[in-house]
Amino acid sequence: MAQIRRPAVEIKQGNLTVYLTYITPGDLSVPNFYTVDKLDPQANEGYQRILDERRANRLARHLKESVSKGYANLPTTIFLATDKPISFDIATGQLEYETDDVCPFSVVDGQHRIEGLLTASREESLLGDFKLPAAIATSLDDSHQMYHFFIVNTTQKPVESALEQQITRRFTDMQGIDTLPYLPYWIQTEVDRGADAEALRLVEYLNDESTCPLAGRIRMANDTTPPRGRINQSSLVTMLKSQIFVGNNPIFMQEQDRDRRHRIINNYWNAVDRVFVGAVDASVSLAYSNNGIYFFLMISKWVFTDIYATTRDFTVDSIIRSLEDTLRHLDDPYLGIADPEWWKRGGEASNLLNRAGATTLANGFLQALQQARSTEVKI
């Protein structure tokens, strides 16, 4: 048994009474202090998700690494609940309870913060007195606890990946500034790589450059216009990081001038548009769908490698020649992709152009490219 006395603020919201206070790793270590009512579908009990240990461990690592720098911060409140009343002295603003009387507290929201803090505090003594903000609800039965869990977890929305990319890019641009704060290692890793920043710059260029077929087709972070017929910034940045800003794409390795690299990639998309879209209405061509763009980004490294090995000419016409030379050597079942009609919505592409299908088509394109160059050598 432990007796806990803490400063608190009483807040009443309709039929809900909560006390804003804090808990420490010492509180959490008290036997039976809290419980997580995990969902068991077979028994038709519980409501909580299973603990994501990777998420909790990532938080623990952040706390251990940041505490000595003054950045071990968890400012948002966790939500605990008990079906018992708790004594609160309005005059002194003190919340007082014995754990045997009111515990275990049900964790309505915050199980990953709790587990991360507990794990970190066992390995880092500086975290022993860490004050974790908590909202403690009293006299709340199981059904109401489940109700609040549902409301909290279905009305809040995580940061969109597009906005996360924008923030990472801003941190990257801040490198070298004395006031740059401590960054958690998972953010620092992305900042150091710089891939998010470079990919985002390229996306902004492609979306804003009037001569680019992708201009205006990219839905940027916090863009509220309808998404139909557009690709999300977050998806495109992720694809660019995996297909352009990688060691096996010569555009990334050879072209250090960012403006030149952007112009080459713009030329590439203009070549793609003329060969694979042609006279077809671009709004009905799957060449500009997520999986279509993924396909063209996949084959770009082979097209660019081919041009570096031959003409080193990255004009639109030169890229078109490389594409068309390859397309002439396509075998079944890849022949269709050379025809813009194949890419129209409702046609063959609609049935084949999923992510796995795009990879299969890309492998067929590579085989044709190798065949085209092999034939040239024999001649």
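**Packing, contacts and cysteines**

Student: Which helices and strands do the buried residues of H4 pack against?

Tutor: This is a predicted model, in which local features need pLDDT of at least 70 and side-chain atom pairs pLDDT 80 or more, while totals for chains, interfaces and linings use all residues. Residues are numbered from 1 along each chain as its sequence is written, and side-chain values use heavy atoms, without hydrogens or water. Helices (H or I, at least four residues) and strands (E, at least two) are DSSP runs, numbered from the N terminus. By contact (heavy atoms within 4.5 Å), the partners are helices H1 (25-29) and H2 (53-66), with strands E4 (34-35), E5 (78-81), E8 (105-109) and E9 (132-137).

Student: Is Asn 207 buried or exposed?

Tutor: Asn 207 belongs to helix H8 (residues 195-208). Beyond neighbours within four places in sequence, its contacts include Leu 214, Ile 218 and Met 220. Buried means under 20% relative accessible area, exposed over 50%, partly exposed in between (1.4 Å probe, protein chains only). At 15%, Asn 207 is therefore buried.

Student: How many disulfides does a search of the whole structure find?

Tutor: Cys 103 is buried at 11%, and Cys 212 is buried at 4%. A disulfide requires a pair of cysteine sulfur atoms within 2.5 Å. Across the whole structure, the number found is zero.
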